[in-house]
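Welcome! Please take a moment to look over the sequence and the 3D structure before reading on.

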Amino acid sequence: MLEYARWKYILIAAVLALAVLFALPTVFGEDPAIQMVMRDHTPISVATEHSVEQFLSERSVHYTKTYLDNGRLMIRFPSVAEQLKGRDAVTSKFSDQYLIALSFAPRVPAALRMLGLKPMPLGLDLRGGLYLLYQVDVQSAVHQLLEGYSQDVRRALTGANLSFTDVTLVAANDSPQQNGIRVSLPAGTNASAVRDVVAKTVPDFQVSILTLPSGSAVQGVLPPAKVREREDYALEQNLTTLRNRVNELGVAEPIVQRQGLDRINVQLPGVQNSAEVKDLLGKVATLEFRLVDVNGNPFEAQQTGHAPAGTKLYHMKDTGQPILLKREIIATGDELTTASYATTQQGPTVNVRLDARAGERMLETTRNNLNRPMAVVYIEKRPETKEVDGKKVTQLVTDEKVISDATIRGVFSNTFDITGMNAGEARDLALLLRSGSLAVPLYPVEEQVVGPSLGQDNIDKGIDALVIGMAGVFVFMAIYYRVFGVVADLVLLANVVLLTALLAMFHSALSLPGIAGIILTVGMAVDANVLIYERIREELRNGVSPQAAIRAGFDKALSAIADSNITALFAGVVLWVLGTGPIRGFAVVLTLGIATSMFTALMGSRALVTLLYGGRRKIARLPI
Amino acid sequence: MEFFHKPTSFPFMATRKVWYGLSIVLMVVSIASLATRGLNLAIDFTGGVTVEAAFPQTANTDAVRARLAAAGFRDPQVQNFGSSRDIMIRLPPQGGETSAEISAKVEPALKAVDPGAEIRSLDVVGPQVGGELERSAAWALTFTLLLIFGYIAFRFNTWRLSLGAIVAVIHDPVLVLGVFSIDRTSFDLAVVAAVLAVVGYSLNDTVVVFDRIRERFHVSRRMAPAAVLDQSINQTLSRTIMTKVVTAIVVVALLVFGGPVLRGFSEALLIGIIAGTYSSIYISSAIALDCGLTAEHIFPTVKKTAVDHMP
């Protein structure tokens, strides 16, 4: 008699039932689709859905189905060719009000979709899309911070009546980048008094007095931990902003993740129009509101290159005319709470709402400056690669233009309209203001557009090959181990279902390296069964009774299976934690796969074999 | 059906010096080729130039590829994207040339296919990513090897088996990389994944043999270590071959039906599986033996005397 606890059977059945449920959407698969989102993010109505359907029929584009999902309109197509035709057609008519993206729509029945079950996502290499890798200029975040500190220190020293020659940023303690400030002192200044002021102004600084050939100086240095903290903060903030922007684009299943210390990787499945997306994601654009200086002569300032004190020279965006603005900023883009695009009688308009503090300032300014002009400055920073002495140097180019100067006709506080842009600029500005500004600039390091045709071809061939290979394994196992081989086949099938369910649950994208992981996992799962069966055969050869041989086979194979799987699990976890990109993709599948194959081979296999041979009193021969 | 109906008794350990020699030769050739010729790195690693171009009608990607090759670009990759009229071209790095110079060479090639063709964008993509991947991969692999060394030493009670496992685990991927360096198959990110899988297989095999070695030493402490290792390898031989055949079925299917994208990937796996079988038999156990492995190392007698003193 062989026995296997009842609760184990129940556990196995429950796990398998759940796995089948989670794996089901993946079995149904995905169709190429087009996704439409209103540019101002109002949900799409059923009426619009009908008009799009009608329009597609007029253009004789074949689509499978349309449906509304969270205010987005999804249109499914039978083939990629029809999808592209549909995209061209829809773009020609609807692109000014809608964001249109190539995407994928699951074929799952509505009931499963309602349960929130999604198919296992496919990596960009398998389904096509846009891959972007950004380098975040974290050093400039530290630079900004130090600039701010040096301003504070100057102010504090002046306030304390201590004289100093200059405050400069320095890279101290062999740091490769700037990490502190140095206050140069004229002879006879009380250095320790300066030190106390610096230490009090910036508590994070490690302050010391230096004696240099040029005289004494006080140096404040940020400890490495603080520098890293600041860099981290800047990166995280950029990550949030990029996520917001990607969400604003309305792409299905985007991946925006941090990579290493200073990189962000963005994957947009199905997105093909890279130029537009890239432009929007990496843009550093903001607004400033300033009063116009009506006393100075802007033309004179332009000629001499010197703006009068308290003012700054700008140019109008449309005419290029010079204009002098006051230095004080009334409000900046960071102080906006919302921004939306609208078309009004004045043309394309961005309607903005300021936060409470900026609103108060705006109220006070407009009250005191009725009938005087106020200007809106549009600031855009973009990386520009130039060649200097044969080397490529990426520099940040700042573009500051006055987009509107209008006379303040009435008192207003936190809600108002900005005009003076064309429709595209206004829409982009609204989106950028809404999604927040980037803390520090980003530079695209790598971009890659993977064509859907290539993706489809890849996946079809790869999956066909995998199915053929698996079928070969099933047949071979059944021939070699007979009934036990069929048991192994069932267990292997359960393993694949479990792995698919886990990947769908974790929403971890399957890429080519992931397929490598599946093959390794299948190999290890087969191996576990082979180890058990070979052990059973050995025991039988030694003359042990069939049931005792089964028991001994499972028990003695356990240590080999456990040790080899645990070692592989170590490798999987380390690669998961430390690896990036393809290595991580491989490791995720390997780690999950080892867990599922241990479960199926040890528990599933034993349960099935016990079910088949456990109850019977006497077995003359085992079909192994 | 069975490969070996009767237990085999091949004297594996007796000939180990010959196999050491073979392995050393293979390693030296592989490393020499890697050092001198390097790998035929795909654009994933080298960076290069990406061009987006638009055609007035359906673009003939084959013609574009031929024209670009004629214009002196090595291995141009041309594919459709977005619509059948838009193409994406990826070129290997053009040493020192500026975007404008590359553009001036690409444009006539496109115009020759269709006069209405135009370049939408042309970007030079840096190779930094390759460098970063290499660094992170190097770290990850180093940590993995250390952990494996520690785990085996812990489970089997001796560093001798750990050392054997680590040597085998390094041996196999180096061999795969060596073959890729010699036959110039394009080395892309998928091959990196395959090499990782090879490490996995190699490790799996080695640990299974070690497990049997531990068991045999436990049963027959007095037997000569070389005989115990032979016995262990022979007893696990049918399993080793069976597992390899099964895995090879999947990999050969990928090689034959998987299309050009999976070629390098499945080639690496196939070489790795063969190398892994060989190294688990001749390398990992043999090294442990030459480090003086005995039953005493796995099962020290200290414990036993303690038990004997119990009343």
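This briefing visits a helix, the nonpolar cores, a hairpin and a loop residue. Please keep in mind that the model is predicted.

- Start with helix α11 of chain A, which covers residues 356-368 and so counts 13 residues.
- From its first C-alpha to its last, α11(A) reaches 18 Å, close to the 18 Å expected at 1.5 Å a residue.
- Four residues of α11(A) to look for are A:Ala358, A:Met362, A:Thr365 and A:Thr366, which are buried.
- What do the buried residues of α11(A) pack against? Their partners are β12 (284-291), β15 (331-332) and β17 (347-354) of chain A.

**The nonpolar cores**

- The largest nonpolar core holds 142 residues, and B:Val176, B:Ala193, B:Ala194, B:Ala197 and B:Ala268 touch the most other members.
- Helix α13 of chain A (residues 452-506) gives the most to this core, contributing 20 residues.
- Zoom in on B:Ala268: leaving out residues up to four places away in sequence, B:Ala268 touches B:Val176, B:Phe180, B:Val191, B:Ala194, B:Val195 and B:Val198.
- Another core, of 79 residues, lies apart from the largest one, and its members include A:Leu130, A:Val256, A:Ile264 and A:Leu325.

**A hairpin in chain A**

- Strands β10 (residues 255-259) and β11 (residues 263-269) of chain A pair in the antiparallel sense, over five bridges.
- Which residue in β11(A) is the bridge partner of A:Gln259? That partner is A:Arg263.
- Together β10(A) and β11(A) make a hairpin, with three residues between the two strands.
- Look in the turn for A:Gly260, which has a positive phi of about 70 degrees.

- Is A:His507 buried or exposed? A:His507 has 12 other C-beta atoms within 10 Å, so this residue is exposed.
- Although A:His507 and A:Pro119 are 388 residues apart in sequence, they are 8.3 Å apart in space, C-alpha to C-alpha.
- Setting aside neighbours within four places in sequence, A:His507 is in contact with A:Lys118 and A:Pro121.

How values were computed. Residues numbered from 1 in each chain as written. Chains lettered and ligands numbered in written order. Predicted model: local features only at pLDDT ≥ 70, side-chain atom pairs only at ≥ 80, totals over all residues. Expected span 1.5 Å × (residues − 1). Buried ≥ 20, exposed ≤ 12 C-beta atoms within 10 Å, placed from the backbone. Contact = placed C-beta atoms within 7 Å. Core = buried A, V, L, I, M, F, W, Y, C linked by C-beta atoms within 7 Å. Pairing = 2+ DSSP bridges.
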